[in-house]
Every structure is written in C-alpha cells, then in structure tokens.
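Have the structure open while you read.

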Amino acid sequence: MRQPVIAGGMAAIVLAALATTAMAQAQVTLYCSILEEQCREGAAMFEKATGTKVLMIRKSTGETYATIKAEASNPRGDIWWGGPGDAHLQAAEEGLTEEYKSQKLGELQPWAVRHAEQSKYRTAGTYLGALGLGINTEVLARRGIPEPKCWADLLDPKFKDEIQMADPNSSGTAYTFVATIVQVMGEDKGFEYMKALHRNVSQYTKSGIAPVNALKLGETGVGISFLHDVITQKLAGAPLKTVAPCEGTGYETGSVSLIKGGKNPEAARRFYDFALGTEAQEINNRLKIYSMPSNRNVKVPADAPDFSTMKLITYDTAKYGSSAERTRLLRKWDAEVKSLPR
C-alpha cells in the first residue's frame, strides 16, 4: 500500500525539479531602445527576479522598428522596451506586435492607459519625455553666441555647425522633433524651417542620445533632445542647461510592446509586466534619468523636468504614429532636408 505513495512523492519531486530546470533555462530576447545603462539594469533585475536569461540588444527606436519589420516572417526578438511611442504605434498598426492587456494597467497614469487603448492594447506607455534644447553654456559663452530660447533662434547664422540632432530615420527622438515642428508651425512652414536649420546642423547622428553626449564633451553648443537626458548630464557636473522652446514643444510616450511571433511569449509577457511595474520604473531614479514614470506608485523626483512650466502642444500621437504618416514624413525629410548641401 505504501508503494504508490512513495512513487507519487518521487513523481512530485521530479516534476518540481523539471519545472525549476525549465525556469532556469527560460530566456527572452529583449530589443531595448532606452539608454544602455537602463537596458542593462532592467535586464539584470529581471534575470535575478525570475531566473529568466535575458539576451539584450540595444538599438535606437527607428533601427529597432526596422529590425522587427525585417524579421516579421521569422522573429528573433520577443519584446521591445523603450523609445517614443510613434514607432510602437506604427508597428502595432502593421501587425508586428501582439495584443496584451497587462495586469499592471490598473496602476498606470491615464495617459499611459489611453496609449494602450489607442493601440488596441498592442503597446502601453512606460514614461513621458519632453522634447527641447540642451545647451552647453560654456561653449556658447566662449563663442559669443546668445543662448536660444525658441526654435526660431536656431536659424541665426551664429549657430553654424553648433547644432546636433539625430537622423529621424534611425532615432525616435529626431522623429518626435520632425512631428513637433510640423504640428507647431504647419507642414509647409515647418519644412521651410527644417531646411533653414539644416545649414546650421553639424551632423545628424544615428542615436538620439548622441547629441547629449556631444554637449557633455563640449563638442557642440546645442543639441535637440529629450530634456530629461540633458538633466542627467547636468547633474553629473556638465555645464548644461535645458530649454523648452517658446513656440511650444512636443513629447514622447515611451512604450513597451510584445513582438508578434516571438519564440518566448510567456517570458515576454512577464517582462512586459515588469516594465510597467514600480521596480523597473524606479531604475530611472537610481540612475538619475528623470523622465515621467507611467506607474502612479513611482515618485517623481524634484529634478525631473517640470511640465507645468512648458508650452506643450497637444501631440497627435495617433496621427504621427500611423504607418502612412510616419513613412510619408520621413521620406519627405530625406528628400527635402537631408539631401540639401550645407
């Protein structure tokens, strides 16, 4: 009579061991479009909490979108974390990401929930970041250039080769800039502005964080970037200042999305929940990266950009995150702006 009990007990032990082994062997491939240090920290925390191995690949937002689209017939990634929501919405519209209603949605700010609803739950908001100007006060003072307060100020010939921004084809930051200028000025005037600005841009970098790094090193006087990235370097001791342009400015809704057809969907859903939770969103506070968290339970630090002091536009994420509009604007920027001589 004791034999079945022993056998059953042994079976339970074996099953538990197999489950533990499976968890230890579980993995998830993460495409990450926030800062490298955020990506590494998040991956390490998730590995420690779940026992799931994270293969992390860091690329800019536009690069990640292009990769996911190119791999659509045989996805290599499982989850996409970070980067402005325009590209995430385009991916959602094109069927490149999966619907998922996270258990964490109830903890999010209303704007983050609206972002999820807008995408039919194929993405969700993880943070907000205001677009603006970073300036190196020492560089501008040394060269006798007045500090800009508005977008229009950047057209002054004194800023020749003193401005850096990223290429909107590879950078979500720079695409947010293109969409912002079009919304602030109207499309015709906006493109005329960007053509004139082109004469003063020293280079279009691949990544949106590159102009901030150039500012920190004193290689340029002005960088078009998200303001929280500038504040991080300012707090580290760089002679930097943030400017929210007087005409008005846009913002990003940082996002997280499940890649359709990913090989590790269960682990990807766990990471999605993690990205919307307090533990992951408090990474930014520890690293002094002060974007606005989407989880209501995460404290906003005193050094974060004060949105109430800025003239923020009503950024039309639905329109400028649509596949047709985003593709059209990028092609127009390539043809009418980037191709011009300087």
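The points below go through cavities, a pocket and a helix.

1. First, some ground rules. This is a predicted model, where local features need pLDDT of at least 70, side-chain atom pairs count only at pLDDT 80 or more, and totals for chains, interfaces and linings use all residues. Residues are numbered from 1 along each chain as its sequence is written, and side-chain values use heavy atoms, with hydrogens and water left out.

2. On cavities: on a 1 Å grid over the protein atoms alone, a cavity is a set of points where a 1.4 Å probe fits but cannot get out, and lining residues have an atom within 4 Å of a point. Grid points are joined across faces, edges and corners, and a volume is the space filled by probe spheres set on the points. There are 2 cavities of 30 Å³ or more.

3. The largest cavity holds about 370 Å³. It has 32 lining residues, and Ser33, Ile34, Leu35, Gln38 and Tyr127 sit closest to its centre. The lining is made up of 13 nonpolar, 16 polar and 3 charged residues (nonpolar: Ala, Val, Leu, Ile, Met, Phe, Trp, Tyr, Cys and Pro; charged: Asp, Glu, Lys and Arg; polar: the others, Gly among them). Elements supplying at least two lining residues each include strand E5 (124-136) and helix H7 (172-185); helices (H or I, at least four residues) and strands (E, at least two) are DSSP runs, numbered from the N terminus.

4. The second largest cavity comes to about 30 Å³. Its lining has 8 nonpolar residues, 1 polar and no charged. Helix H8 gives the most, with 3 residues.

5. Now the largest pocket, about 210 Å³ in volume; a pocket is an open set with protein on both sides within 12 Å along at least five of seven lines. Among its lining residues are Trp111, Arg114, Tyr251 and Phe307. H5 contributes the largest share, 4 residues.

6. Back to H7. How many of its 14 residues are buried? The count is 11, so H7 is largely enclosed by the rest of the structure (buried means under 20% relative accessible area, with a 1.4 Å probe and protein chains only).

7. As for the ends of H7, a side-chain oxygen of Ser171 lies 3.2 Å from the backbone nitrogen of Thr173, capping the N-terminal end. After the helix comes Gly186, with a positive phi near 90°.

Methods: Buried means under 20% relative accessible area, exposed over 50%, partly exposed in between (1.4 Å probe, protein chains only). A polar contact is a pair of N or O atoms within 3.5 Å; within protein, one must be able to donate a hydrogen and the other to accept it, and residues adjacent in sequence count only if both atoms are side-chain atoms.
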